[in-house]
Number of protein chains: 2
Amino acid sequence: MDNNKIKPEWFPEGGGSEYASRVVKGISTDEKQAKAPTVPLSPRRRRLNVSDYVEGVLSRNRTVIGQAITLVESNHPAHMELAQQVLKELLPYTGKSIRIGISGVPGAGKSTLIETFGTMLCNQGNQVAVLAVDPSSSITGGSILGDKTRMELLSRNPNAFIRPSATGGTLGGVNRKTRETMLICEAAGYDVIIVETVGVGQNEVTVRSMVDFFLLIMLTGGGDELQGIKKGIMELADAIFVNKADGENKQRALAAKTEFNRILHFLQPITGGWAPKAYTCSAFTGEGMAEMWQLINDFKEKTTVSGVFGRRRQKQTLDWMYTMVEDYLRSSFYNKSEIKRTLPGIETVVINGEVSATMAAKQLLKTYNDH
Amino acid sequence: MDNNKIKPEWFPEGGGSEYASRVVKGISTDEKQAKAPTVPLSPRRRRLNVSDYVEGVLSRNRTVIGQAITLVESNHPAHMELAQQVLKELLPYTGKSIRIGISGVPGAGKSTLIETFGTMLCNQGNQVAVLAVDPSSSITGGSILGDKTRMELLSRNPNAFIRPSATGGTLGGVNRKTRETMLICEAAGYDVIIVETVGVGQNEVTVRSMVDFFLLIMLTGGGDELQGIKKGIMELADAIFVNKADGENKQRALAAKTEFNRILHFLQPITGGWAPKAYTCSAFTGEGMAEMWQLINDFKEKTTVSGVFGRRRQKQTLDWMYTMVEDYLRSSFYNKSEIKRTLPGIETVVINGEVSATMAAKQLLKTYNDH
């Protein structure tokens with residue numbers, strides 16, 4: 001049980017005050033300007049209203065897209081209210097992209113692979129948005145510089161839009177921000193959305209829950225090197241690509257591919273009617289990138305025909321709604337001062353075997369309902 | 001999201017009326033007797049009080065043990081209150097057994113294996129209790145006849161106590177009943193508790209969450225036959241035994257063992273400091289049964305020394321307390337009539353993309369808090 005439960009950021013009623021004072025880049029400044037109406041505002045400094053955001057996003061104005069994302073990332077109650085109004089208008093224009101999740105062991109070369117893969121897609125005329133899920137950045141203070149320099153080539157491509165991960169707050173908060181950023185990008189016409197896991201958090205499941213196709217990037221190496229693969233992560237994958245299959249490493253990459261295929265054979269596929277397989281690629285030489293894109297298109301076609309594609313998206317949206325509801329219910333409980341006060345003592349008597357877990361749970365709920 | 005959410009049975013306040021009318025075998029009868037005090041009661045018909053239950057269980061009176069289990073299985077508020085008082089007295093005597101979970105693919109021969117294994121343990125002087133987790137029996141109406149005949153030999157052994165699975169109610173309800181039945185058996189001096197998964201429910205995770213050692217029973221067969229293994233189940237195991245390793249099947253069993261060892265090598269062990277391995281056995285010839293028991297004892301010794309054993313038990317108890325709290329919070333929400341009434345409509349607008357998931361969650365929570 002993770003006792004580190006905090007108030008969900010997306011439902012600030014009565015609990016958002018700690019966030020309200022946080023300065024949100026680009027928005028707080030606008031607010032200050034708004035309080036001094038005698039100073040003439042330059043167009044780009046003007047406080048945007050709902051239709052400004054909507055028109056800007058739909059016409060793929062990169063500045064406005066960035067501002068809209070900053071808006072959905074804000075924890076300020078007024079911004080959250082405005083963000084939801086903007087999203088409501090944009091919703092009819094969303095859902096037309098292919099949503100690809102990319103994860104992998106540290107050092108697997110995810111960034112380089114996304115750069116190579118994304119650049120290829122852009123050069124073929126696709127509009128590519130790259131987003132990241134990184135709850136750990138709330139501790140490190142974010143890695144915006146790292147993100148900026150990581151995909152230098154792709155970030156300069158006019159068909160690409162790279163957004164560093166939303167920083168600050170809980171996994172739930174980052175989750176909401178990434179999902180809503182994805183919707184904004186889709187409304188802006190980006191037809192390939194790549195959601196990348198960053199950091200070492202337990203975020204593969206979160207990314208899997210918001211994408212159509214989940215790609216796992218692996219490295220070569222025998223069984224021993226791979227024993228540390230996070231539990232259950234291979235079961236999430238629609239495909240595994242063994243990266244760095246170049247030069248002297250190529251033979252080992254092919255051997256690893258065979259080994260992964262053997263394991264995949266024993267796992268239940270995550271997507272109905274699609275058998276995940278392992279492949280090799282090299283982000284360095286570009287080998288395997290075209291095959292990766294072909295595979296994703298085959299996947300989309302096959303699952304769209306079977307109805308799996310549409311049903312998963314509907315389920316993802318509803319699950320997400322229920323996750324938010326239940327996160328709020330839990331945090332209301334654990335944040336109640338009377339619960340916070342009595343919980344450590346109750347844990348102790350339960351651990352010592354003085355009170356049964358059932359009795360303790362009843363007592364906690366009585367405390368909750370009485371206060 | 002599973003929308004089939006019902007009120008947890010263990011917290012009947014304001015929601016237990018539907019259970020109160022349910023006749024609980026052996027207890028409701030006693031209650032009727034209690035209302036007619038002029039009729040002399042035979043000792044075994046007398047309504048038991050807390051100390052009757054406690055003394056009966058501690059002296060391993062099989063009739064009283066059975067009545068105590070019936071008491072914790074009851075959903076009647078008064079019985080639940082009494083059950084918790086009994087458990088409070090028994091708690092100091094619990095925790096001294098080894099708790100073994102046994103699961104496996106259908107047809108793997110779990111029952112025969114438990115019969116052979118349990119009989120061996122009983123003949124060595126151990127006291128063995130066999131419990132089952134089977135939420136599906138709430139649908140089929142239970143399989144008490146099936147359970148009785150399944151382990152004919154073991155059930156006649158004076159050192160064994162076989163309890164058919166608690167029937168009726170949610171997985172959460174069955175979960176609580178099995179955990180508390182386990183505590184009663186431990187207080188009665190049973191030093192080996194086997195918790196078996198029955199039925200086709202998602203109950204391996206539940207069993208894993210209440211035992212020290214989790215054993216997975218498999219069958220021979222190449223990759224194709226085994227592809228249907230439930231996702232993530234191999235990661236739960238502390239050991240895999242390939243059953244039916246006898247006669248012409250022995251060679252194939254050895255090959256399957258090798259294959260399973262290869263896969264286990266890639267999975268992260270569930271128990272810190274213990275590498276799960278695959279073995280062969282035959283419940284028919286008895287081969288491998290002594291090795292199975294030796295393995296479990298090695299496991300207990302090794303994890304007790306490292307502290308993993310004790311920490312897992314503490315964590316299991318606390319997790320279970322939190323699970324009950326959160327089940328209650330969820331069901332309070334989903335059972336509120338105003339939520340039940342509006343939920344289908346909200347799901348529809350979210351699926352149709354008319355309202356964002358965040359907006360819908362806020363609306364649902366506002367409805368919940370306002371009513």
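**Labels and the values behind them**

Reply: Start with Thr220(B), which sits in the loop of chain B between strand S5 (213–218) and helix H12 (223–226). Keep in mind that this is a predicted model.

Me: Why is Thr220(B) called buried?

Reply: Its relative accessible area is 13%. Buried means under 20%, so Thr220(B) counts as buried.

Me: What makes the link between Thr220(B) and Asn249(B) a polar contact?

Reply: Their side chains are joined at 3.3 Å. The cut-off is a pair of N or O atoms within 3.5 Å. Thr220(B) also has contacts beyond its neighbours within four places in sequence, including Val242(B), Asn243(B), Arg252(B), Ala253(B) and Ala256(B).

Me: How do you know that Arg208(A) and Asp238(A) form a salt bridge?

Reply: The N to O distance between their side chains is 2.8 Å. A salt bridge needs a side-chain nitrogen of Lys or Arg within 4 Å of a carboxyl oxygen of Asp or Glu. The pair links distant parts of the chain, 30 residues apart. Arg208(A) is in helix H11 (residues 204–208) of chain A. Asp238(A) is in the loop between helix H12 (223–226) and strand S6 (239–242) of chain A.

Me: Are these two residues buried or exposed?

Reply: Arg208(A) has a relative accessible area of 6%, so it is buried. Asp238(A) has 1%, so it is buried as well.

Me: What makes Glu338(A) and Arg341(A) a salt bridge, and how are they placed in their helix?

Reply: Their side chains meet at 2.7 Å, N to O. The limit is 4 Å. Both belong to helix H16 (residues 337–351) of chain A, and because they are 3 residues apart, about one helical turn separates them. An α-helix has 3.6 residues a turn, so residues three or four places apart point the same way.

Me: Why do Glu338(A) and Arg341(A) get their accessibility labels?

Reply: Glu338(A) has 18% relative accessibility, so it counts as buried. Arg341(A) has a relative accessible area of 58%, so it is exposed. The cut-offs are under 20% for buried and over 50% for exposed.

Me: How do you know that the span of helix H6 (residues 110–123) of chain B agrees with expectation?

Reply: At 1.5 Å a residue, its 14 residues should span 20 Å, and the end C-alpha atoms are 20 Å apart, so the two agree.

Me: What makes H6(B) mostly covered?

Reply: Of its 14 residues, 11 are buried. Among them are Leu113(B), Ile114(B), Phe117(B), Met120(B) and Cys122(B). Just after H6(B), Gly125(B) takes a positive phi of about 100 degrees.

Me: What makes the phi of Arg60(B) worth a remark?

Reply: Arg60(B) is not a glycine, yet its phi is positive, about 50 degrees. Most residues other than glycine have a negative phi. Arg60(B) lies in the loop between helix H3 (50–58) and helix H4 (62–73) of chain B. Its relative accessibility is 33%, so Arg60(B) counts as partly exposed.

Me: Where is Lys244(B), and why is it called partly exposed?

Reply: Lys244(B) is in the loop between strand S6 (239–242) and helix H13 (250–264) of chain B. It counts as partly exposed because its relative accessibility is 36%. Its phi is also positive, near 65 degrees.

Key:
Residues numbered from 1 in each chain as written. Chains lettered and ligands numbered in written order. Predicted model: local features only at pLDDT ≥ 70, side-chain atom pairs only at ≥ 80, totals over all residues. Heavy atoms only, no water. Helix = DSSP H or I, 4+ residues; strand = E, 2+ residues; numbered from the N terminus. Buried < 20%, exposed > 50% of the residue type's maximum accessible area, 1.4 Å probe, protein only. Expected span 1.5 Å × (residues − 1). Polar contact = N/O pair within 3.5 Å; in protein donor to acceptor, adjacent residues only side chain to side chain. Contact = heavy atoms within 4.5 Å.
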